[in-house]
Amino acid sequence: MAKGKKTYRNAAGVRNQVDKTAKIGKNTRIWHFAYVGARTVVGNNVKIGSLAHVDYGVRIGHNVKIEGMVYIPPLTVIGNDVFIGPGATFTNDPYPMSPKMIGVVVEDGAIIGARAVVRPGVRIGKNSVVAMGSVVTRDVPAETVVMGIPARIAYTRQDYDQKKKEWESEAS
C-alpha cells in the first residue's frame, strides 16, 4: 500500500483508496475501486461511484452524487445537491503540461450529464444542467440548460423541470 493512503473495504470487501488526509463526511459511500486524494474534503451524504477518481485538494459539498468513472482533478469545487453523471470529466490544465492550473466550480443544485467534458476555469451556475455528451468551454449561467459541442444554452431550468415532470407522468 502506498505511503499516506488508507485502504477501505466496502461491504463486499472491495478496496477503495482514500488518502489519510482526506476528510470524509457522515453517511458518505465510496463504491468499488474509487480513489480520493490528499486534502480532499467530502461533505455528508455523498455517493462516489465505482472507478471514480477524485484527486487531491478537491472540495465536495453535501448530498452530492458522483457516478462511476468520473474524473475530478485538483482545484475543483463542487457545491451541495449536485449530480455528476457517469464518465463526466472535469479538467484543470488549459495548456497541458503547465504547472499552472485552474479548477472548475460547480454551484449548488447543478446537474452534469453523462460523458460531459468541462474546460478548466469554467463555472457551472446554480441549478443549471449540462446535457450528456456536452463539451463545456465557457461559464454556464444559473438556471439554464446547455448542450452540444461546444455547449450552448438550449432552454431554462424551469423548462427542463417541466419536461422531466411530463416524461415521468407518461404511462409506461
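Is E107 buried, partly exposed or exposed? E107 is partly exposed, at a relative accessible area of 24% (buried means under 20%, exposed over 50%, partly exposed in between, with a 1.4 Å probe and protein chains only). This is a predicted model, in which local features need pLDDT of at least 70 and side-chain atom pairs count only at pLDDT 80 or more, while totals for chains, interfaces and linings use all residues. Residues are numbered from 1 along each chain as its sequence is written, and side-chain values use heavy atoms, with hydrogens and water left out.

**Sheet**
- Six strands form an open sheet with parallel pairing, in the order β3-β6-β9-β12-β15-β18 (strands are DSSP runs of E, at least two residues, and helices are runs of H or I, at least four, numbered from the N terminus; two strands pair if DSSP finds at least two bridges between them).
- The edge strands, β3 (23-24) and β18 (123-124), each pair on one side only.
- Two parallel bridges join β3 to β6 (residues 41-42), and K23 stands opposite V41 in β6.

**Salt bridges**
- The count is three salt bridges (a side-chain nitrogen of Lys or Arg within 4 Å of a carboxyl oxygen of Asp or Glu).
- E107 forms one with R123, the closest N and O atoms being 2.8 Å apart.
- This pair links distant parts of the chain, 16 residues apart: E107 is in the loop between β15 (105-106) and β16 (111-112), and R123 is in strand β18.
- R157 forms another with D161, at 3.0 Å between the closest N and O atoms; both lie in helix α1 (residues 157-169).
- R157 is buried at 13% relative accessibility, whereas D161 is partly exposed at 37%.
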